[in-house]
Amino acid sequence: MSEGRNSAVGEQGISRSTKAAKRPSGEPVKQGEPVKSAKSGKPAKAVGAAKSGKPGKPESHLAMVRRARRINRELAEIYPYAHPELDFRNPFELLVATVLSAQTTDLRVNQTTPALFAAYPTPEDMAAAVPEELEELIRPTGFFRAKAKSLMGLSASIRDNFGGEVPGRLADLVTLPGVGRKTANVVLGNAFGVPGITVDTHFGRLVRRWKWTEQEDPEKVEAEIAAIFPRSEWTMLSHRVVFHGRRICHARRPACGACPIAPLCPSYGEGETDPEKARKLLKYEMGGQPGQRLSPPPDYPGRPAPALGAG
């Protein structure tokens, strides 16, 4: 793992548990193994699934909160190694990587940043970059001209307004060019240990599928989810939900038949319910494939991602 002393603080929220993933029943789950009902032996049905063709009783708010917290506990068992999937060694590198991650994958960012940080290791260096040279280095991440402008602007602001150090307050971070609440919460939660909920596309999709909220606006989603969970859970909850969204609960074809939390999901059946077909949809370590990080935490059970041009 490449992170140094600063990132040790940044990744202090990463669970180091090596406990095996479990079904909601408490039994072990093997990677790709479908979850079945303990009573029937058939694939688990959704929470509130219709019985005898009649709609079930609407879930109360209290019942939803209890279910949401149970899902979080189960996700903690399934992904004890959940972590930020951007490589970084200090708050500045995490901030830059998060800005670059817009409209691209964390993998592509991780493949791009080694050369970027070798050329511009500090805010002062990046603020003084030749725009065309910076653009060329970050070209693989897409939208490279706009991103280069943001990176140079935020670097200059950090240099001029914050003594060359990335600020550790939300109110300060969102004043930086190209930095909104989502990016600020990523940096706060993972580089400063300040709890925050990161509402990216995966997080928003899953919390709506799970009926934790009906909101579409990220700030409203953040507020409603924050009211369900203790503040101490916010950062790790974000990692677990995003991990699940990337590996199992995909946008177009969720792997419902291979999902360990299927018995708790009110949207079970939106995706593939056949266990064998669902298992083929699993991604990253769940599907036996490399992860997104070139330098993952030591407890990550999958393979590191390849460097740019290596495969």
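**Helix packing**

Me: Which residues in α7 do F92, L95, V96, V99 and L100 in α3 meet?
Reply: The model is predicted, with local features needing pLDDT of at least 70 and side-chain atom pairs pLDDT 80 or more, while totals for chains, interfaces and linings use all residues. Residues are numbered from 1 along each chain as its sequence is written, and side-chain values use heavy atoms, leaving out hydrogens and water. Helices are DSSP runs of H or I with at least four residues, numbered from the N terminus, and contact means heavy atoms within 4.5 Å. On the α7 side, the five α3 residues meet K147, S150, L151, L154, S155 and I158.

Me: How many residues of each class make up the contact of α3 with α7?
Reply: Ala, Val, Leu, Ile, Met, Phe, Trp, Tyr, Cys and Pro count as nonpolar, Asp, Glu, Lys and Arg as charged, and the others, Gly among them, as polar. The contact holds eight nonpolar, two polar and one charged residues.

Me: What is the relative direction of α3 and α7?
Reply: Helix α3 (residues 91-100) packs on helix α7 (residues 144-161) at about 155 degrees, with the axes 10 Å apart. Axes are fitted to C-alpha atoms over the stretch in contact, and angles run from 0 to 180 degrees between N-to-C directions. Angles over 145 degrees count as roughly antiparallel, and 65 to 115 as roughly perpendicular. The two helices, α3 and α7, are therefore roughly antiparallel.

Me: How is α10 oriented to α12?
Reply: Helix α10 (residues 201-209) and helix α12 (residues 234-247) pack at about 85 degrees, their axes being 8 Å apart. That makes α10, relative to α12, roughly perpendicular.

Me: Which residues in α10 meet α12?
Reply: In α12, the partners are L237, S238, V241, V242, H244, G245 and R246. By class, this contact has five nonpolar, four polar and two charged residues. The α10 side consists of H202, F203, R205 and L206.

Conventions
Angles under 35 degrees count as roughly parallel, over 145 as roughly antiparallel, 65 to 115 as roughly perpendicular and the rest as oblique.
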